[in-house]
Amino acid sequence: MDATTQDPIDTAAAWHARIDSPDMDWAGFGDWLAADPSHRTAYDSIALLDAEIGAAAPAIAALLPANDDGVFDAEPAMVARPTRWRWMAAGTGGALAAGLALLLVAPAVTPGDSGVQTYATGPGETRAVTLADGSAMQLDRGSRVSVSGGRTPLIEVADGAASFSVRHDPSRTLIVRAGGYDVRDIGTRFAVVSAGGRISVAVAQGSVSVAPQTADGSAPTTLVAGQRIDIDPAAGIAERRAVAPTSVADWTDGRLDYDGAPLPLVVADISRYARTPLVVDPSAAGLRFSGVLTIGDGSRLLDQLRAVLPLRLRRADGVVHIERSSQR
C-alpha cells in the first residue's frame, strides 16, 4: 500500500478495512505504524470509532430504513474481526462524520431488568455490548462474562478478556470482578484479562482501583492511564508496570503488544485463540517477551513466539507443552 501521500486517517482506515484480508500485508502495516507517531494515533482513533459503532450497531440498525442494503449487521455476536463498516473501505471524509452522527443519535441498548446476563464468545468471534448505564464492553474471543446490577453494573470476567469504556458518573461505581479481585471505576477506559489462573488489568484513560474481593487488610492498588498490573493469586505475586495506553486491549486491533511480559502471561493470552490447551513448562516460565504478535486466525501465534524465544513445543495427551529449547 502506497501511504506516502495519503492523510494518516485515510491510510489508517484503509489498513483497518483490510485487517481480516487473507493477503493483509502485516509487515507493511507494522512499518507504517512505526514510521511516525501520528500513524498509531490515527489508527487507534479509527479502531476506537469502529468499536463504538459496533457496540451501537443494534440501535443504529433500528433507525435505518428496512431495505438499507445491509450497511450494518445488527447481530450482537460477530465473527472475529467482522467485516469493516462500509465507510472504512470507502475512505473517511464525510462518511466518518456520518458514522459519528449515527453514534450521537442512536439510543443506548439497555437490558430490561437487573438480572444476571451472561455473554460468551467462541474461538472465532468477538462481541460488543452496551450496558444499562451506557458503558461499552467488548469481549475478546474465547471469553465468558456475566453482568448484573442494572445501572450500577457488577461484571464478572469468568474467563478471557474484556475491555470497557465507562461514562463518568460520580454517583455510581462500576465493578469488574475477576479471579477474586475487584476493579472499581467511575469513568475511564481499561481492560481486564482472566486466563490461566492469572489476572491482568490495564488502563488506557482515567484510573481504577484493584483490591481482593475479600478484604485482607491490604490497601487497594490504584492504576492510572499507562499502567498495568499482572496478578498471580496462586503464587501471591503482583507486578505493576508501565504500558503504552494505545496498547491496552490491543486485541481489538488484531494484535498483542508486549514489553518484557512473563511468558506465562503471554501464553495465557494466546490460549484464548488456541484450540488445544497450552501449558508452560517450568523450564520456560522465567522467559520474558517483548514484541508484537499478530493474531490473525490464532493458528500462528506460537510460531511467532518461537521465532523470537528459545522454545520448543511438545504435544502429549491433547495438551501442548511449551518448553525451553537448548538450541539457543
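Buried means under 20% relative accessible area. I start with that cut-off because I need it for Arg 255, which has a relative accessible area of 4% and is therefore buried. I also note that I am working on a predicted model.

**Entry 1: Arg 255 and its partner**

I looked up what Arg 255 touches. Its side chain meets that of Asp 253 in a salt bridge, at 3.2 Å from N to O. Is Asp 253 buried or exposed? Asp 253 has a relative accessible area of 6%, so I put it down as buried.

Next I checked the strand. Strand E15 covers residues 255-262, and six of its eight residues are buried. I wrote this strand down as mostly covered. E15 runs antiparallel to strand E17 (residues 288-294), and six bridges join the two. Opposite Arg 255 I found Thr 294 in E17.

How many salt bridges does the structure hold? I found 11. I recalled a general point: side chains of opposite charge can pair when their charged atoms come close.

I picked out Arg 177 and Asp 182. Their side chains form a salt bridge of 2.7 Å, N to O. Both Arg 177 and Asp 182 are buried.

Then I turned to Arg 314. Which residue forms a salt bridge with Arg 314? The partner is Glu 323, and the closest N and O atoms are 2.7 Å apart. Glu 323 is buried, with a relative accessible area of 8%. Arg 314 is partly exposed, with a relative accessible area of 38%. I also found a network: salt bridges that share partners join Asp 140, Asp 269 and Arg 272.

**Entry 2: the cavity**

The structure holds one cavity of 30 Å³ or more. The largest cavity has a volume of about 30 Å³.

Which residues line the largest cavity? I listed Val 193, Ala 195, Arg 198, Ile 199, Ser 200, Leu 265, Ala 268 and Asp 269. By class, I noted five nonpolar residues, one polar residue and two charged residues in this lining. Asp 269 is in the lining, and Asp 269 also belongs to the salt-bridge network with Asp 140 and Arg 272.

I then asked which elements supply the lining. Strand E9 (189-195), strand E10 (198-205) and helix H7 (263-270) each give at least two residues. Where does the largest cavity lie? Domain 1 (116-244) and domain 2 (254-327) both give residues to its lining, so the cavity lies between them.

**Entry 3: strand E11 and its neighbours**

I followed the pairing of strand E11 (residues 207-212). Four bridges join E11 to strand E8 (residues 181-185), and the two run antiparallel. Here Arg 184 has Ser 209 in E11 as its bridge partner.

E11 also pairs with strand E12 (residues 221-224). This pairing is antiparallel too, over four bridges. Val 210 stands opposite Thr 221 in E12.

**Entry 4: Arg 315**

Last, I looked up Arg 315. I found Arg 315 in strand E18 (residues 311-316). Is Arg 315 buried or exposed? Arg 315 has a relative accessible area of 62%, so it is exposed. The cut-off I used here is over 50%.

I also checked Arg 315 against Thr 276. The two are 39 residues apart along the chain, and their C-alpha atoms are separated by 9.6 Å.

Terms used:
Residues numbered from 1 in each chain as written. Predicted model: local features only at pLDDT ≥ 70, side-chain atom pairs only at ≥ 80, totals over all residues. Heavy atoms only, no water. Salt bridge = Lys/Arg side-chain N within 4 Å of Asp/Glu carboxyl O. Buried < 20%, exposed > 50% of the residue type's maximum accessible area, 1.4 Å probe, protein only. 1 Å grid on protein atoms, 1.4 Å probe; cavity = no way out; pocket = protein on both sides within 12 Å on 5 of 7 lines; lining within 4 Å. Points joined across faces, edges and corners; volume = space filled by probe spheres on them. Nonpolar A, V, L, I, M, F, W, Y, C, P; charged D, E, K, R; others polar. Domains from an automatic or database assignment. Pairing = 2+ DSSP bridges.
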